[in-house]
Amino acid sequence: MPYSRELNFIHYAPTKVIYGVGISKDVAVELNALGCKRALLVTDRELSKNTDLPKKIREYLGNNCVGVFDEVIPDSGLHLVDKGAEFGRSLGADSIVSVGGGSAIDTAKGIAILLKEGGSISDYEGFQMLTRRQTPHIAIPTTCGTGSEVTYVAVIKDWDNHRKLLFGDYNIIPDVAILDPELIRTLPPRLVAATGMDALTHAIEAITSPQRQPISDALGLHAIRMIREYIAIATKDSDVTYRGMLLLASNIAGMAFSNAQVGLAHAIAHTIGAKYNIHHGLANSIVLPHVMQFNNEVVYEQQARIAEALGIKEDIPDKELGYKASEKVLEIAKSCDLPTRLRDVGIPKSELEECAEIALTDGAIVYNGRPISDPSEILEVLIKAY
Amino acid sequence: MPVPFPSEEWVAKYKEAINASADYKIAGKDWTYGVIALVCKAKPPILEKDIGIWLDLEKGVCRDARIVTPEEANTAPFCITGEYDRWKAVIKGELEPIKGMMQGKLKLKGNLPTIVRFVKAAQELVKATNSIDTKFLDE
């Protein structure tokens, strides 16, 4: 994949990543290594209700945990971040340990800002505004797709005004990511598949992004190899070896897209996720092959390398190889028993045009491999995915 | 005759350049989200204090452009802050502002997705700076 003479980039991935079956037991050691002793545990409401994972982490933290904030819901809200921070402040928390999916980790990033800077989270909407490291944060993902444990963005919803606010800052990247496959052993198969496809989308869109660069490409390509090898088996078999590899692939893809960004598949997934409450990873999985076919005309060289990482060994021109990559992605989704059409998840055909209009206004559009300026281009993709 | 950046004179020229841009008029026609302020950080000895630039943009037109204090600039719904050298790179067309925000070369206070929706307008605003015969204080 050639790079232009004008190539210039910043690659920033400061998170200490710790991996191992049962390694979450070390959370207190890691916390103390950060100089902290009073952690606020932030977790998902459902995770807390339906599993013993937050309870286990609390036990591992022992006296280092001053309280648990377990009110996080999918698409976490500004009000929850403010409430969590107030709770943490009242307990004298000096650090945060987040346990859960993207919403829990993003909420914790927001709380980290408020514990350091004060005020309300809505005061900090923007990019790269903070001038110092925020409250120490250890992230422990319990899905294999978000990558949020190594990214610099938090997405928090303003439920009153029905919009999502972006907080992007190098200073909110978690200090430590603890990847413990034991924690995703009980994740339902469909969620393993959907979050794994989310990670695959992160990796592919990072490689086809106009902001791609050699380091993020290397990360993305290896994440693709791992996902190709392990997603189907990890979906069907809860063995920690397979699920651990998927968890790691998600982390690696997270480092790739945090530096190179994502594109049209995410713009559509954000749109239909918000409008029809469709799981983010599943939405990505459905549209990704069609986005790749749409993009192939422009980014076929990158997609040909993606095809190779997906295990396709054919001596054919890059343009054809790039197209075959999209077919392989579809095949992977089918092998995980995921729905592959928008109609399968209840999206009305009559509303595709509106979806295309909304997707065009999503931030991820800017970083799509093939430039998009008109909703009709997105509609073309949506109709094919229908 | 080159005009120094940043200065009242430069800002006046910038307003003229924005309003003379047919492409901006089209790309920014749906912009109703208020003022975009820019803050250029001090770079002693050539620039002793932070300078704010207030751009009152509405529906493809720049209604007002003036120098303000950084404090006033920070009251705008969108405020983009950068070091002198970063702004110089933007004006010279060497730094694409949205990429700069993502990478921390420029700091944005405000809703990035709104800015991104108007990426073409943002590009035209940058192009308008390219058309000004600018004298950089360190050159």
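**Figure 1. Pairing of strand 6 and strand 9 in the sheet of chain A.** In this predicted model, Ile138(A) has Val176(A) as its bridge partner in strand 9 of chain A. Strand 6 (residues 137-141) and strand 9 of chain A run parallel and share two bridges; strands are counted as paired if DSSP finds at least two bridges between them. Helices (H or I, at least four residues) and strands (E, at least two) are DSSP runs, numbered from the N terminus. Residues are numbered from 1 along each chain as its sequence is written, while chains are lettered from A and ligands numbered from 1 in the order in which they are written. Because the model is predicted, local features need pLDDT of at least 70 and side-chain atom pairs count only at pLDDT 80 or more, whereas totals for chains, interfaces and linings use all residues.

Figure 2. Six strands of chain A form an open sheet in the order 1-9-6-4-2-3, with parallel pairing. Its edge strands are strand 1 and strand 3 (65-72), each of which pairs on one side only. From one strand to the next, the twist averages 20 degrees. Helix 4 (residues 78-90) of chain A packs on the sheet and touches strand 2 (39-44) and strand 3 of chain A; the direction of helix 4 makes about 165 degrees with that of strand 3. Helix 8 (residues 240-260) of chain A also packs on the sheet, touching strand 1 and strand 9 of chain A, and the direction of helix 8 makes about 155 degrees with that of strand 9. Axes are lines fitted to C-alpha atoms, for helices over the stretch in contact, and angles run from 0 to 180 degrees between N-to-C directions. Residues are in contact if their C-beta atoms, placed from the backbone, lie within 7 Å.

Figure 3. Chain A is assigned domain 1 (16-184) and domain 2 (189-385), with bounds that come from an automatic or database domain assignment. Taken over C-alpha atoms, the centres of the two domains are separated by 26 Å. Domain 1 of chain A brings 19 residues to the contact, and domain 2 of chain A brings 22 residues. On the side of domain 1 that touches domain 2, strand 1 (16-19) and strand 9 (176-179) of chain A each supply at least two residues. That side of domain 1 comprises 11 nonpolar, six polar and two charged residues. Here Ala, Val, Leu, Ile, Met, Phe, Trp, Tyr, Cys and Pro count as nonpolar, Asp, Glu, Lys and Arg as charged, and the others, Gly among them, as polar.

**Figure 4. The interface of chain A and chain B.** In this interface, 15 residues of chain A are in contact with 16 residues of chain B. Helix 5 (97-102), strand 6 (106-109) and helix 6 (112-117) of chain B each contribute at least two residues to the side that touches chain A. This side of chain B has eight nonpolar, four polar and four charged residues. Opposite Gly126(A) stands Lys109(B), in strand 6 of chain B. The predictor gives the complex an ipTM of 0.77 and a pTM of 0.90.

**Figure 5. Two cis peptide bonds in chain B.** Phe5(B) and Pro6(B) are joined by a cis peptide bond with omega about -5 degrees. Pro6(B) belongs to the loop between strand 1 (3-5) and helix 1 (8-20) of chain B. A cis bond also runs from Pro44(B) to Pro45(B), with omega near 5 degrees, and Pro45(B) is placed in the loop between strand 2 (36-40) and strand 3 (51-58) of chain B. Chain B averages a pLDDT of 92, with 100% of the residues scoring at least 70; pLDDT is the predictor's confidence in each residue, from 0 to 100.

**Figure 6. Loop residues of chain A.** Asn277(A), in the loop between helix 9 (264-276) and helix 10 (280-309) of chain A, has a positive phi near 55 degrees although the residue is other than glycine. Asn277(A) is exposed because 11 other C-beta atoms lie within 10 Å. A residue is buried if 20 or more other C-beta atoms lie within 10 Å of its own, exposed if 12 or fewer, and partly exposed in between, with C-beta atoms placed from the backbone. Gln261(A), in the loop between helix 8 and helix 9 of chain A, counts as buried, with 24 C-beta neighbours inside 10 Å. Leaving aside neighbours within four places in sequence, Gln261(A) is in contact with Ser209(A), Gln211(A) and Tyr367(A).

Definitions and conventions: Two residues are in contact if their C-beta atoms, placed from the backbone, lie within 7 Å.
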